[in-house]
Amino acid sequence: MKTYRIASIPGDGIGVDVTAEARKVLDRAAGKFGFSLAWTEFDWSCERYTRTGSMMPEDGIEQLSAFDAILLGAVGFPGVPDHVSLWGLLIPVRRAFAQYVNLRPVRLLPGTTSVLAGRKAEELEMVIVRENSEGEYSAIGGRHNTGQPSEFVLQESVFTRVGVERIIRYAFELARTRDGRVCSATKSNGLIHSMPFWDEIFAEVAAGYPDVHSEQCHVDALAARMVQAPERLDVVVASNLFGDILSDLAAAITGGLGMAPSGNINPSGEHPSMFEAVHGSAPDIAGQGIANPVAQILAAAMMLEHLGETGAAQAIRAAVDRTLGDPAAVTPDLGGTATTTRLGSVVADNLG
């Protein structure tokens, strides 16, 4: 029996609640499909930061390197600035393990409705391929003349040929397994250096994929298209910042952030990849049993697919679909009365 070593980092707030349900579903799937999961849980979180002054220990990356994958809960808590929690845990892990693909599939799930009136499920299904290791999210820069009238800040972006080419190529390879369409998010009419560079590399890569329809669209116009004509989009490839924004918009039009999973992918498999829900830690409802665990469960399915357990991943998605079709099994955000634990248990039971 194949055993996968999985690091679990429940995080803060409802991250703890929904990760427990994802693990429940994963363990049930493992038993059904003939593999096992060896879990190790880490308390790395904002709570840990308030106790120790760090989100994770100095050798945190070294500890995680021994695992096949990482399941991350939501991180964030009042009193700990977002940039502290982000740069103290999530970004260091992404960069240390070359998780340069942030993959965010979105679709309109059964039992959910879109804010876009009259849109059908087949019109609301796409995937955002976001560059995850460089771009606008750079630590290069600084704040100068603090407190003076002449105060200013510099925030630099970093776009390398290697980084841009590999994320665009990943998007084209993914499109070949889907509807064969890639749209690149750009802003070359405003960002005079980085986006023309991005566009040039996109055109170079696209030339090697004549079987894939490619186009580029300014990110503001692309945001409008996502609302007005989402059926025209399949795979969207974008820089770190643009992808971050567009993926939240895509989630919003397909039922909300509470239903959206994501993966931080190291495509080579040299390092572990990390999977998480898109939503935040929502500390105001933590521990109340009303958080929706679907996004974390779907992130867990992405993890199994990445590990090669495609059948188990597909079964989890199908179980989620069946569960969401039952009004008695869903949480209050979806109009039901079920608890977080109840929803997770029904998904597990629907695995058979």
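Visitor: What makes E11 and E12 a pair?

Guide: Strand E11 (residues 261-265) and E12 run antiparallel and are joined by 4 bridges. Strands here are DSSP runs of E with at least two residues, numbered from the N terminus. Two strands pair if DSSP finds at least two bridges between them, so with 4 bridges E11 and E12 count as paired. Within this pairing, Ser 262 stands opposite Glu 276 in E12.

Visitor: Good to know! What kind of model is this?

Guide: This is a predicted model, where local features need pLDDT of at least 70, side-chain atom pairs count only at pLDDT 80 or more, and totals for chains, interfaces and linings use all residues. Residues are numbered from 1 along each chain as its sequence is written, and side-chain values use heavy atoms, with hydrogens and water left out.

Visitor: In which sense do E3 and E12 pair?

Guide: Strand E3 (residues 69-72) pairs with E12 in the parallel sense, over 4 bridges. Here Leu 72 is the residue opposite Glu 276.

Visitor: Why is strand E12 called mostly covered?

Guide: Buried means under 20% relative accessible area (exposed is over 50%, partly exposed in between; 1.4 Å probe, protein chains only). In E12 (residues 273-277), 5 of its 5 residues are buried, so the strand is mostly covered.

Visitor: Which residues point which way from E12?

Guide: Ser 273, Phe 275 and Ala 277 point one way, Met 274 and Glu 276 the other, and all are buried. In a regular strand the side chains alternate between the two faces of the sheet.
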